[in-house]
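Let's walk through this model together, starting with a pair of helices and ending with how the chains relate. Have the coordinates open as you read.

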Protein chains: 2
Amino acid sequence: MPVNSRPARGMRDFLPEDVRRREYVIAIVSDVYQRYGFEPLETPALENIETLTGKYGDEGHALMFKVLRRGEHEASGETDLALRYDLTVPLARVVAEHRGKLPKFFKRYQVQPVWRADRPARGRFREFYQCDVDAIGSRSMLIETELCAAVSDVLMALGFRDFVLKLNHRRLLTGVLSSAEIPETLHGAALVAIDKLDKIGIEGVRAELAARGIASTSAERVLEVFAGGLDLQRARDVLAAVPDALAAIGELEDIIALSAATSAGPYLRFDPTLARGLSYYTGAIMEIAVPDLPGSLGGGGRYDGLIGMFLGEDIPACGFSLGLERILVVMAERGMFPAHVQRGVAAVLVTLFEGEPAEEALRLASELRAHGLRVELYPEPDKLGKQFKYAASRGIPRVAILGSDERARGVLTIKDLTTGAQTTVGRAEAPAALGAVDET
Amino acid sequence: MPVNSRPARGMRDFLPEDVRRREYVIAIVSDVYQRYGFEPLETPALENIETLTGKYGDEGHALMFKVLRRGEHEASGETDLALRYDLTVPLARVVAEHRGKLPKFFKRYQVQPVWRADRPARGRFREFYQCDVDAIGSRSMLIETELCAAVSDVLMALGFRDFVLKLNHRRLLTGVLSSAEIPETLHGAALVAIDKLDKIGIEGVRAELAARGIASTSAERVLEVFAGGLDLQRARDVLAAVPDALAAIGELEDIIALSAATSAGPYLRFDPTLARGLSYYTGAIMEIAVPDLPGSLGGGGRYDGLIGMFLGEDIPACGFSLGLERILVVMAERGMFPAHVQRGVAAVLVTLFEGEPAEEALRLASELRAHGLRVELYPEPDKLGKQFKYAASRGIPRVAILGSDERARGVLTIKDLTTGAQTTVGRAEAPAALGAVDET
């Protein structure tokens, strides 16, 4: 009896073509991050539930996949483990656990799946990959600058040219809110509303601020600041009385000036309404936008309070998270994958005939593989036409035919399925004729 | 207050050096499998619990990590998902779910973690990677032959030369048991005992067979067959009356003869006591042994009944699973990792001085990275000695010094920390002097 064979809700099987696209992007991300001195880290999919509890708010806790205790405790319904919800809390745990072994400046990247029981939607899955890069241990603005440069290099290496790297500062935002006399308890609510300015416009934000309990006089003062298009010079004037905000502006000016010496320069843009959802940011915040995608391809910022949570001390940290699934969606829609990524299957099919010694086909396949070629051997004797058809259906461009005639003459017949041309070459020339780049 | 920062029981954090070793092995495994025409597949970590239930026996079910239903159902203690327990059941599910899109011969490899709540022990973890390779859709012995060749190529590419690829056949084993009048219901128990012959010897197996309820006359007949060292010729004589066993011997002879034309030839050895624990095998079975590891580095075989379970039909299949963790253990103990795997960190540290423009250091780092070098920029102005010490502690072999003097002269000073030598080179020569291979 056939059984349900679907993957679990909100999760996906990645067939070969999908995997090749994912691996292509991940390889570029990893390569660029390594060029910036970041090193790879991996943590377990499961964490002790206490490690994750209280880190993501009530909403996050509800979306967490929790694992039942095993054995005699199974019936109790108790949980002791949960699936990784992001890559930042595990990083904080690793910094505490292995601090004796880690360098003074710990620069790591991590590309692994996370799990959230969100309602599935277009481009939103319950298992999805994050590509995180974080530098731990320094408060220097060179950290922000190098992160912006690394992320820009990743996007350029993937073929993006039309992205914007938005930049803002949490303490500039809180400076605006404080100067508009919005109490600190409402800062979070106000930031969520302001963050939507480019989506819902001034009127929309005004309504949202009111709905979130912010006094209309305060709301008007905030809107006045943002409405005019705030540049850093005007921000200095508006916030002249808020020393903390002036310090934040100084940091942004440093990042922008330093970035002129890096690849991020042309892409970086101060955006005073960028707020970023997460509450843990303490300094500069960044986000990547492309014109054809609502939302962002990734974002990050400085968060000096979080990494030390397991140690009970503040440790400076700044990081960036790229959303692999969103990058893949945009790249697929724009046709940005190079041809070789599509072409991962075998380069050659070696045929097999009834009554012919299979050893000869095996030996030919071995020879070609030793030259680095990807070779599939048809596993059963079959009509040549069927073997051609199989190769074509798999996108294998060439078929190698080694019949008794070819063997007697010490040659190989090669059928090119893209052109239909058939040629005969000496055995020694076969690897090159089939596209091998000599590795010896 | 410091909090528990350990990973969950039986699970591991992989620090950069660990990840580099793992990625090195996985890259070789993937590359060889691709040369044999296998394509990558990935499936979700979580499966619907019905997908996994009843597939691994009672013991397997107890070791499965089960996930609590979410939201309002959380309090019920009910589970609806479980973590992947192996890579074979997900493959069977994928074959059923995507059969319209898969080729007639589906050859896939899959390198992903699985989770089992086994009692942790040396080399036994609760999260561990399997490297599976399977060919679906053909009963030809060329499939077994190519799998043996691919696995041998993987091990040779990793540097192994002293492995043995043991070969046996399930139907030969059941032929021996049947001819010794052991009832079919006791075959499984008998196989487990026989599988231990090289560990516990004839006396040990005799005791085990008795303990498992096998009559002593039957046990003696079985031991007689195995004790003398059974080769395929003697097996033909002993099992002359068991047609099914003779067919099995014919298949083994085919695999051995065909393998002489492949890289597996010198490593393949008929081992009549090889039994393999899993019950689902229906044909040839294989296992890799190295002298310095009890147990195996991996194993596999033909299992024609399992893949079609979601479709309700038999689909021929043959596969092999390599144990990544065991391969890593042996390679680490033997020192088999090449130097470049250890040396994944940055090739150069660019220094930063108080009062010097950081833009210059950033520009230098960008230049060097554009030449493919891995470059770390020291993020804060500091004493030169401290920056040297940091580079040395991280294993970064060279430090690039760009002080005001160097800038004025358009040169760069390079300190080689392995020799202590200090040289000065022109800016244009810097990438090559620091080890860049020109990519342009």
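At roughly what angle do the axes of helix H6 and helix H11 of chain B cross? This is a predicted model, where local features need pLDDT of at least 70 and side-chain atom pairs count only at pLDDT 80 or more, while totals for chains, interfaces and linings use all residues. Residues are numbered from 1 along each chain as its sequence is written, with chains lettered from A and ligands numbered from 1 in the order in which they are written.

The axes of H6 (residues 170-179) and H11 (residues 243-259) of chain B cross at roughly 145 degrees and come within 8 Å. Here axes are lines fitted to C-alpha atoms, for helices over the stretch in contact, and angles run from 0 to 180 degrees between N-to-C directions. Helices are DSSP runs of H or I with at least four residues, strands are E runs of at least two, and both are numbered from the N terminus. From H6(B), B:Arg171, B:Leu172 and B:Gly175 meet B:Asp244, B:Ala245, B:Ala247, B:Ala248 and B:Ile249 of H11(B); contact requires C-beta atoms, placed from the backbone, within 7 Å.

Now turn to A:Pro316, in the loop between strand S10 (298-302) and strand S11 (317-323) of chain A. A:Pro316 is buried because 20 other C-beta atoms lie within 10 Å (20 or more counts as buried, 12 or fewer as exposed, in between as partly exposed, with C-beta atoms placed from the backbone). Leaving aside residues up to four places away in sequence, A:Pro316 touches A:Gly137, A:Ser138, A:Arg139 and A:Asp304.

How values were computed
Two residues are in contact if their C-beta atoms, placed from the backbone, lie within 7 Å.
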